[in-house]
Amino acid sequence: MISSTKLKSVDFYRKIPRDLTEATLSGAGLSIVAALSMVFLFGMELSNYLSVSTSTSVIVDNSTDGDFLRMDFNISFPALSCEFAAVDVHDVLGTNRLNITKTIRKFSIDSNLRSTGSEFHSGPLSNLIKHGDEVDEETKEGSAVLNARNFDRYANQHPILVVNFYAPWCYWSNRLKPSWEKAAKTIRERYDPELDGRILMAKVDCTEEGDLCRKHHIQGYPSIRIFRKGSDVRDDHGHHDHESYYGDRDTDTLVKTMEDLIAPLPAGSQKLALEDKSNNATGNVKRPAPSAGGCRIEGYVRVKKVPGSLVIAARSESHSFDASQMNMSHIISHLSFGRKISSKAFKDAKQIIPYIGISHDRLNGQSFINQRDLGANVTIEHYLQIVKTEVLTRRSGKLLEEYEYTAHSSVAQSLHIPVAKFHFELSPMQVVITENQKSFSHFITNVCAIIGGVFTVAGILDALLHNTIRLVKKVELGKNF
């Protein structure tokens, strides 16, 4: 058995009797300072332990989310009609997807970017519209000529007014002209405008009546509009609720379409010609005309992870466009890549990396407006460099996976129809941000070091101060004696 006396001999912390110690004011002051220093340094160490530190590395992209990347967007075009607005996707591998509609929605908007109604449904358009074989040289005028002065009078006079908005320089307008005039002559003979009065076929030259064509949001030629007397009273937004005709343009089809339109109306009727919902004879070729001159396009497309471009432009296989009048100004409400990320996921990630997500939707809220000071035929292009970013935590693994991008925009004169083009290129590298977990043992070690270090330094300072004071007192006593 080891005696208690021998055991006491290994005591590293031998005690001095209290009666042999002396309390001093300098020692008390240093003790207070030392205690405050310990508390302060402990708080700093605790804050550092609780804070999150990260490390960033760049590696070759090892994505497991497939070969396609989702691209979400919401873009408003104040001067592009939904009637002809088309979304196309191209890439370097030869992919050419034209006029994507399945995942795209379009809404007519006014100059203040406010929606003027429900979703605009353009419907499937036939790429091969049948035209007549009539020779233009033998065309006789059969349709009425309308202008800004007499348009409203004719629209109020006839229950149904069908108008061909055309341009003399337009190839498709000239293809339509013989059939239109012949059909108008036939309808005039069968349903005399003076005696019957139920229908009138007319035309408007948009090179002469530019304001009238803009009023009715005509952007492609020829555009055939069906105006029903009284149809404008049904619209809550104050716009005329008319229809566009997209069917064949040969004489027989035009005549049959006109007769189908007036079939529900009794002869000599001047009543309102509200659309007959039960008559679907021409439903596949008639659809509501755009109620405003602008269009908001929203939705998403899936693109391959190779350099490519998203193109938004006016497109039609049977209409012509005046490139000098096309304005592709737009406002980007949203543009992002990758899966949609919940606000909670972003909030959790920002607690670790405050700057995460800053470039996730860099173009949001930006406007690209051509005030005509840049001239006509202006194409607006955006160049997007996309980088994938992953945030990893030690406890739960992958917290966030997002795509950030840089954007550079430019304008250029176009030899063809101007467009809005978004070039995108995905980086072969990805950024990995990893949370660094801190050791609790390291925290305890640092706390002990703080306590011991402050206590030791305070003891050294106290000894120096005490001995200095004693020495000063001895010197003073020596002088006195």
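Visitor: How many salt bridges does a search of the whole structure find?

Guide: The search finds 18 salt bridges. Keep in mind that this is a predicted model.

Visitor: What makes Asp110 and Arg114 a salt bridge?

Guide: Their side chains meet with N and O 3.5 Å apart. The cut-off is a nitrogen of Lys or Arg within 4 Å of a carboxyl oxygen of Asp or Glu, so this pair qualifies. In general, side chains of opposite charge can pair when their charged atoms come close.

Visitor: Are Asp110 and Arg114 buried or exposed?

Guide: Asp110 has a relative accessible area of 19%. Buried means under 20%, so Asp110 is buried. Arg114 has 51%, and exposed means over 50%, so Arg114 is exposed.

Visitor: Why is the pair of Arg339 and Glu401 said to tie parts together?

Guide: First, the side chains of Arg339 and Glu401 meet in a salt bridge, 3.1 Å from N to O. Arg339 lies in the loop between strand 15 (330–337) and helix 7 (343–352), while Glu401 is in strand 18 (residues 397–413), so the bridge links parts that are 62 residues apart in sequence. Arg339, at 54% relative accessible area, is exposed, whereas Glu401, at 17%, is buried.

Visitor: How do you know that Lys388 and Glu390 count as buried?

Guide: Lys388 has 2% relative accessibility and Glu390 has 8%. Buried means under 20%, so both residues pass. They also form a salt bridge, with the closest N and O atoms 3.4 Å apart.

Visitor: What lines the largest pocket?

Guide: The largest pocket holds about 480 Å³ of space. It has 19 lining residues, and the closest to its centre are Arg214, Ile218, Gln219, Tyr221 and Gln325. By class, the lining has nine nonpolar, seven polar and three charged residues.

Visitor: What is the mean pLDDT of the protein?

Guide: The mean is 82, and 81% of the residues reach 70 or more.

Visitor: Where does pLDDT stay under 50?

Guide: One such stretch is residues 232–240, for which the model has 12 contacts beyond four places in sequence. Another is residues 275–284, with eight contacts of that kind.

Terms used
Residues numbered from 1 in each chain as written. Predicted model: local features only at pLDDT ≥ 70, side-chain atom pairs only at ≥ 80, totals over all residues. Heavy atoms only, no water. 1 Å grid on protein atoms, 1.4 Å probe; cavity = no way out; pocket = protein on both sides within 12 Å on 5 of 7 lines; lining within 4 Å. Points joined across faces, edges and corners; volume = space filled by probe spheres on them. Nonpolar A, V, L, I, M, F, W, Y, C, P; charged D, E, K, R; others polar. pLDDT = per-residue confidence, 0-100. Contact = heavy atoms within 4.5 Å. Buried < 20%, exposed > 50% of the residue type's maximum accessible area, 1.4 Å probe, protein only. Helix = DSSP H or I, 4+ residues; strand = E, 2+ residues; numbered from the N terminus.
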